[in-house]
Amino acid sequence: MKKILTIALLMFFGTISAQNEIDEYINTVIVDSKNTNPVDAKDLTMKNLFDQFYNEVLQDESGQISEDLLNKITVMVESPSTKNMQLMNLLLVFQDYINEVSENPSSLNSEFQLKIVEAMENEFINLKQDVPVIIYVYKIEALQTNEKFDESDKLIEVALKKFPNSVPIKAYKFLATEDENVKNDLIKNHSNHWFVKQLDLK
């Protein structure tokens with residue numbers, strides 16, 4: 001499934017131009033996933049996986065994904081019994097997009113970036129599950145990429161109330177406000193974090 005999605009995504013980047021095309025593409029990913037795998041609002045497997053992904057890739061100092069998590073994702077992708085697979089497939093599409101942009105910056109599609117994050121957010125809401133912290137981080141980034149800085153600033157405040165120990169959200173708070181208290185916290189408590197190192201705070 002991941003290889004299929006990757007190929008489809010690269011083809012998509014080469015042809016997308018209008019909002020309705022983005023919506024149609026994302027809807028196809030969701031509908032096809034739900035037709036292939038069961039949907040279960042009581043199953044928290046995806047919520048837990050998104051949290052593990054966040055903890056390893058964004059919150060941990062190294063920012064490295066573990067072999068254990070990679071293997072877990074592989075097993076889930078290959079199993080037709082995996083529940084709420086639409087969330088996994090949206091995450092895989094998003095990660096493929098991020099990887100593609102990092103290798104080829106000209107493939108940046110800010111509208112697609114925001115819409116795919118909002119699609120993940122809405123799927124968790126539709127399942128009546130808590131929206132994972134990683135979605136807040138991704139949405140803050142996507143709003144900023146779309147130059148929606150007022151919305152991003154508001155979301156940072158909401159996110160920090162829900163996740164006060166999130167290093168990436170603290171970092172975005174500092175970037176948005178240059179708050180000295182936030183800066184000192186990052187230097188004192190998170191100086192070895194990969195994101196904080198990029199900020200090169202003094």
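Helix H8 passes helix H9 in a left-handed crossing in this predicted model. Two packed helices are described by the angle between their axes and the distance between the axes. For H8, which spans residues 149–162, and H9, which spans residues 167–177, the angle is about 140° and the axes lie 10 Å apart. Angles over 145 degrees would count as roughly antiparallel, and those from 65 to 115 as roughly perpendicular; H8 and H9 are therefore oblique to each other.

On the H8 side, the contact is made by Asp153, Ile156, Glu157, Ala159 and Leu160. H9 contributes Ile169, Lys170, Tyr172, Lys173 and Ala176. Sorted by class, the contact between H8 and H9 comprises 6 nonpolar and 4 charged residues, with no polar ones.

A search of the whole structure finds 8 aromatic pairs. A pair of aromatic rings is described by the distance of the centres and the angle of the planes. Tyrosine 172 and phenylalanine 195 form such a pair, with 5.3 Å from centre to centre and 75° between the planes. Planes over 60 degrees apart count as edge-to-face, and the pair of tyrosine 172 and phenylalanine 195 is accordingly edge-to-face.

This pair links distant parts of the chain: tyrosine 172 belongs to helix H9, whereas phenylalanine 195 lies in helix H11 (residues 194–199), 23 residues apart. Both tyrosine 172 and phenylalanine 195 are buried.

Elsewhere in the model, Tyr25, Phe94, Tyr97, Phe112 and Tyr138 together form one aromatic cluster.

Definitions and conventions:
Residues numbered from 1 in each chain as written. Predicted model: local features only at pLDDT ≥ 70, side-chain atom pairs only at ≥ 80, totals over all residues. Heavy atoms only, no water. Axes fitted to C-alpha atoms, helices over the stretch in contact; angles between N-to-C directions. Helix = DSSP H or I, 4+ residues; strand = E, 2+ residues; numbered from the N terminus. Parallel < 35°, antiparallel > 145°, perpendicular 65-115°, else oblique. Left-handed = near helix turned anticlockwise from the far one by under 90°. Contact = heavy atoms within 4.5 Å. Nonpolar A, V, L, I, M, F, W, Y, C, P; charged D, E, K, R; others polar. Phe/Tyr/Trp six-rings, centres within 6.5 Å; stacked < 30°, edge-to-face > 60°. Buried < 20%, exposed > 50% of the residue type's maximum accessible area, 1.4 Å probe, protein only.
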